[in-house]
Amino acid sequence: MLPALPPISIPGHDYTRLRAIAERASLRKDPRADFLLLELQRARVLRGAELPPATVVMNGWVTYRLDWGQPKQTHLLVYPQDEITEERVSVLSPLGTALLGLESGARMPFFTLQKEFQLVSVESTDGPLDDDLPPFAA
């Protein structure tokens, strides 16, 4: 049995940009666009101050597990035009879309581009990234 979809919250300033990205990707027939469009439709769009604590946001760090107990991973959730590295995951990827707007402790089912079922569990969040400081700076 699939878990219920958890609520997601997105700041209004990110929502407009994400919607434009998803619509452009859809026009290009990008298979990743549909999932992002669906998630944006069900998202609660809030002002930044209204966001629940520990919410996965754009340019924020997220620590998560895939599939019931795999080792923890930490990535920065970024826009697709940002350089994608081992430390960054694009919001247009299935994993990035699944993480978007989740609160710490939430679990979200999703399918990879290879049509494999996965479940992501958010362990913690830290963000958004301040451009003046390196990640996890003390």
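**Figure 1. Charges in the predicted model: 14 positive and 18 negative**. This chain carries 14 positive charges and 18 negative ones. Take the mean position of each set. The structure is a predicted model, not an experimental one. The chain exposes about 7900 Å². Carbon and sulfur atoms supply 53% of that area.

**Figure 2. The chain is built from three helices and seven strands**. Start at the N terminus and follow the elements: β-α-α-β-β-β-β-α-β-β. The radius of gyration is 14 Å, close to the 14 Å that the globule rule gives for 138 residues, so the chain is as compact as a globular protein of that length. Along its principal axes, the C-alpha trace spans about 40 × 35 × 30 Å. Buried residues make up 43% of the 138 residues. Now consider contacts between residues with a separation of 6 or more. Of these, 56% join residues 24 or more positions apart.

**Figure 3. Asp30 sits in the loop between helix 1 and helix 2**. Helix 1 covers residues 12–27, and helix 2 covers 33–42. Is Asp30 buried or exposed? Its relative accessibility is 13%, so Asp30 counts as buried, the cut-off being under 20%. The side chain of Asp30 makes a polar contact with the side chain of Arg32, at 2.8 Å. Set aside the neighbours within four places in sequence. Asp30 is then in contact with Ala25 and Leu92. Asp30 and Leu5 are 25 residues apart in sequence. In space, their C-alpha atoms are 23 Å apart.

**Figure 4. Thr55 lies in the loop between strand 2 and strand 3**. Strand 2 spans residues 44–46, and strand 3 spans 61–66. Thr55 has 9% relative accessibility, so this residue also counts as buried, again with a cut-off of under 20%. Look at its side chain. A polar atom there lies 2.6 Å from the backbone oxygen of Pro52.

**Figure 5. Contacts of Thr55 beyond its neighbours in sequence**. Which residues does Thr55 touch, leaving aside those within four places in sequence? Thr55 is in contact with Ser9, Gly101, Leu102, Glu103 and Thr125. Find each one in the structure, then find its place in the sequence.

Key. Residues are numbered from 1 along each chain as its sequence is written. This is a predicted model: local features need pLDDT of at least 70, side-chain atom pairs count only at pLDDT 80 or more; totals for chains, interfaces and linings use all residues. Side-chain values use heavy atoms; hydrogens and water are left out. Helices (H or I, at least four residues) and strands (E, at least two) are DSSP runs, numbered from the N terminus. Buried means under 20% relative accessible area, exposed over 50%, partly exposed in between (1.4 Å probe, protein chains only). A polar contact is a pair of N or O atoms within 3.5 Å; within protein, one must be able to donate a hydrogen and the other to accept it, and residues adjacent in sequence count only if both atoms are side-chain atoms. Contact means heavy atoms within 4.5 Å. The radius of gyration is taken over C-alpha atoms; the globule rule is 2.2 Å times the number of residues to the power 0.38. Accessible areas come from the Shrake-Rupley method with a 1.4 Å probe; for residues, only the protein chains shown count as cover. Lys and Arg count as positive and Asp and Glu as negative; His and the chain ends are not counted. The place of a charge is taken as NZ of Lys, CZ of Arg, CG of Asp or CD of Glu.
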